[in-house]
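Colleague: I've got a model open and I'd like to learn how to read its charged side chains. Can you walk me through it?

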Amino acid sequence: MKAAMKAGAKKDFPVDGIRRFLEPGPIVLVSSAWKGETNIMTMGWHMVMGFSPSLIGSYVWSENHSFDMIRKSRECVINIPTLDLAPTVVRIGNSSGREVDKFSKFGLTAVPGARVKAPLIAECHANFECKLVDSSLIRKYSLFIWEVVKAHVATSPRFPRTIHYRGDGVFMISGEDTGRYRRQFKPQNL
Ligand SMILES: Cc1cc2nc3c(=O)[nH]c(=O)nc-3n(C[C@H](O)[C@H](O)[C@H](O)COP(=O)(O)O)c2cc1C
């Protein structure tokens, strides 16, 4: 299975600004590493919980192979795929790292992270290196609270065509952007 083209050159990105990629709720790919093994899962259930420090909450079902990998390593990378990767995103969600090596099966490129052992997915528009900062809600809610400690974002396009899940196999594709409401916007709303 051949993956889509790699995203273009990336630059360091301020972690307090990465929420701009997550506020519209795109489907993300969570990559992880534990004891020499790597894995990827598709994830839709995540939320921004703060911007400085940069916090993200995510729900990961305990039956997923990724659950143990991220709980034990206390790290992951949240990767932002774009429309060209949609078929791969679905296939990653349909398979388990217990049975397949998803990087090799789906032709994705693992790039070492700067602050975590979990690999970045080169083909994605952005990659957020995360460390687990609060594990107290995992047992009760399967909720992981992450701090983004390093972010890599493609220099263009500014607004990538991300995919957003509507359930039942239907995705919304991000489309038109508008700055029409900017003048009414209170700066304190960030
Ligand atoms: C569009 C989509 C969204 C998903 N969102 C989540 C999610 O938010 N949390 C979760 O635990 N699983 C989610 N899944 C399911 C996992 O991606 C799936 O169970 C995956 O196979 C787990 O892989 P693993 O066993 O290698 O960890 C989603 C799947 C798809 C296709």
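Modeller: Start with burial: buried means under 20% relative accessible area, exposed means over 50%, and partly exposed is in between, using a 1.4 Å probe and protein chains only. Lys and Arg count as positive, Asp and Glu as negative, while His and the chain ends are not counted. A salt bridge is a side-chain nitrogen of Lys or Arg within 4 Å of a carboxyl oxygen of Asp or Glu. Bear in mind that this is a predicted model, where local features need pLDDT of at least 70, side-chain atom pairs count only at pLDDT 80 or more, and totals for chains, interfaces and linings use all residues. Residues are numbered from 1 along each chain as its sequence is written, and side-chain values use heavy atoms, leaving out hydrogens and water.

Colleague: How many salt bridges does a search of the whole structure find?

Modeller: The general idea is that side chains of opposite charge can pair when their charged atoms come close. Here the search finds three salt bridges. One of them joins K150 and D12, at 2.8 Å from N to O. K150 is in strand β10 and D12 in strand β1 (residues 10–13), so this pair ties together parts 138 residues apart in sequence. Strands are DSSP runs of E, at least two residues long, and helices are runs of H or I of at least four, numbered from the N terminus. D12 is exposed, at 53% relative accessible area.

Colleague: Which salt bridge does E75 form?

Modeller: E75 pairs with K131, with the closest N and O atoms 3.5 Å apart. E75 sits in strand β6 and K131 in strand β9, so the pair links parts 56 residues apart in sequence. E75 is buried at 12%, and K131 is partly exposed at 28%.

Colleague: Where do D68 and R71 lie?

Modeller: Both are in helix α2, three residues apart, about one turn of the helix. D68 is partly exposed at 33%, and R71 is partly exposed at 36%.

Colleague: And E123: is it buried or exposed?

Modeller: E123 is buried yet has no salt bridge; K6, the nearest side chain of opposite charge, is 5.5 Å away. E123 sits in the loop between β8 (120–121) and β9 (126–134).
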